[in-house]
Amino acid sequence: MTMSHAITAGFVPLLDSALLVVAKEKGFAAAQSIDLTLVRERSWASIRDRLAVRHFDVAHILGPMPIACNLGLSAPAPKMIVPMALGLGGNAVTVSTALWQAMAGEGATDDLDARENGVALRRVIAGHKGEPLRFGVVHPYSGHNYELRYWLAASGIDPERDIEIVVLPPPDMGDALAQGLIDGYCAGEPWNTFGVLKRGGHLATVKAAIWRSSPEKVLGVNARWAETHPKALAALLVALHAASVWCGKLGNREELAHLLAQPGYVGRDAELLLPALNGNLPVGGGVVQNIGDFFVPNAKAATFPWKSHALWFYTQMVRWRQISHTAEHQQVAAETYRPDMYRAALKTLGLAMPSASSKVEGALAVETPVGSSGALTLGPDGFFDGGRFDPDDVDAYIQAQRIG
Amino acid sequence: MKPNELNVLVIDENRIRAAIIEEGLRDAGYGQVTVIDQMHGLARRITELNPDVIVIDLENPNRDELESIFQLSRVIQRPIAMFVDKSDEASIEAAVEAGVSAYIVDGLKQERVRPILKMAISRFNAFSRLNRELEETRSELENRKVIDRAKGLLMRSRGLSEEEAYALLRRTAMNQNRKIVEIAQSLVTAASLLDPGAKE
């Protein structure tokens, strides 16, 4: 078959690069006449720069990063769009043995409950002497940074006064923890499993416990490339969707672990990758917890680029003073995510798709069927503190967080 | 402040490349050049040095850390722009192409920064050329070793002279439209499979 679309995609070696890897390795890209080249990068900054100068047409990227680019928060700033998400969930917060012991002494448990373990952390911090505890995240404009801060703030901890947050490359987190340079970190997989199994760390909580079914990595696309290559982009979305279906099947997880383990991709032993793919996370001390919503590549409209997700990231940028809140900024954020393109590209597949482009985040307490066909279910999607984000009332949400 | 008084920081874990850049900048009259080749305590070092321009390898995984350091105003008081100018696409492209990225304190005029970026780009290119040549020399040596071993095998097993052995390898390569070294490698592999104990 002759390939009609040549597409170069950048990725960072993490589990949630799975959709791109599977699209290539399992032939879903080729089936759409796409010659897909994957290029591994070591930092999100490089992913962004190489998207800007069109070394990459598309990339595996942090959900908030395209928004930050379009808001002019980083340079060089390509105009970017997000026509698809690359899954939900996937992160965890790992802490050092010493911090875990202190937290356990204040009532933290292995069940990773965000509320209880957050309270325990607050008590530890209240009694902590000397240098403030230090936590690592992967980038200032990352879901990791925002969910860690959300968890801390909702637990009564001021993430800027009570602790220190630093940025580190994910593969270095485990070593930094073992050397005492940091006391904890929020990162994607396999770096929590690595920290627990190889560096004596202990899970404190997971993204799915802080905010269930929450957004993480997305497909970032150079807007100029998208304008000039609409067919290639639509074909890629179809291929990635097929890859998400494949990744969603439990029976494929073992093979997925081996695909990702290859040196050109994540490049770590499959044994290190499989726990998170299956949602059976080593917590520490030999305990394993099953977290159903840990790795969600397809179910719950996991690849749908909700405008409410973009807007939530935006509210956190405002909350942590990365940008001022204006109607114009809010509009830039909302328009970065493009559910219209997602729908247009996938409509011929006859999928059950959300009919709305935004939803109230935190409104679904249980799994809820949506859409006319009933084949799609969303939720539960609650924030651990019972918070709700109504994308139609961004002002109120920002105001409430300012006071809180 | 004269142009050569700009305070330039080079962050590169590759000491050889860092040295090449440093030398270039000093030759060009930039007296205040500091090289950091390890990331530990980066934030503190940057605060102490208070650089006007930071040159960093694009492949450095600590770029994300660096960007967060810039963002925290308590560490660096002045905002930082990347590359020469956000709109200067040609420079950005050339820099990314070469594998270098530069962070520049906002407010510095383009014409003062451009020579530094140009220097870094050309030095990065020179370094990768050097690396490529080294790599080529290394594989050239490897190839010659394999061909010598294949010649030895042919000389022993078929009673050929060295020239005849080489001619046979070359003819076979030409007939099969492959490289001599590939034919030689197949021969060496086959020989070791047939007789694992043999020394060629």
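Me: In what order do the elements of chain B run from the N terminus on?
Reply: This is a predicted model. Chain B has seven helices and five strands. From the N terminus on, these elements run β-α-β-α-β-α-β-α-β-α-α-α.

Me: What share of the residues in chain B is buried?
Reply: A residue counts as buried when its relative accessible area is under 20%. Chain B has 200 residues, and the buried share of them is 42%.

Me: What share of the contacts in chain B with a separation of 6 or more comes from residues 24 or more positions apart?
Reply: A contact requires heavy atoms within 4.5 Å. Among the contacts of chain B with a separation of 6 or more, residues 24 or more positions apart account for 64%.

Me: How many helices and strands does chain A have, and why is chain A as compact as a globular protein of its length?
Reply: For 404 residues the globule rule gives 22 Å, and the radius of gyration of chain A is close to that, at 20 Å, so the chain is as compact as a globular protein of that length. Along the principal axes, its C-alpha atoms fill a box of roughly 65 × 45 × 45 Å. The elements of chain A are 18 helices and 16 strands.

Me: What part of the accessible surface of chain A belongs to carbon and sulfur atoms?
Reply: Of the 404 residues of chain A, 60% count as buried. The accessible surface of the chain comes to about 14400 Å², and the part belonging to carbon and sulfur atoms is 50%.

Me: How far apart are the mean positions of the positive and negative charges of chain A?
Reply: Chain A carries 35 positive and 39 negative charges.

Me: Why do the buried residues of α8(A) line one face of the helix?
Reply: Helix α8 of chain A spans residues 170-178, and A:Pro170, A:Met173, A:Gly174, A:Ala176 and A:Leu177 are buried there. Seen down the axis of α8(A), these buried residues line one face because they fall within an arc of 165°.

Me: Which elements are included in what covers the buried residues of α8(A)?
Reply: The cover is judged by contact, meaning heavy atoms within 4.5 Å. In chain A it includes β6 (92-95), β7 (133-137), β9 (184-187) and α9 (191-198).

Me: Which residue just after α8(A) takes a positive phi?
Reply: Helix α8 of chain A covers residues 170-178. Just after the helix, a phi of about 80° is taken by A:Gly180.

Note on methods: Residues are numbered from 1 along each chain as its sequence is written. Chains are lettered from A and ligands numbered from 1 in the order in which they are written. This is a predicted model: local features need pLDDT of at least 70, side-chain atom pairs count only at pLDDT 80 or more; totals for chains, interfaces and linings use all residues. Side-chain values use heavy atoms; hydrogens and water are left out. Helices (H or I, at least four residues) and strands (E, at least two) are DSSP runs, numbered from the N terminus. The radius of gyration is taken over C-alpha atoms; the globule rule is 2.2 Å times the number of residues to the power 0.38. Buried means under 20% relative accessible area, exposed over 50%, partly exposed in between (1.4 Å probe, protein chains only). Accessible areas come from the Shrake-Rupley method with a 1.4 Å probe; for residues, only the protein chains shown count as cover. Lys and Arg count as positive and Asp and Glu as negative; His and the chain ends are not counted. The place of a charge is taken as NZ of Lys, CZ of Arg, CG of Asp or CD of Glu. The arc is that of the directions from the helix axis to the C-beta atoms.
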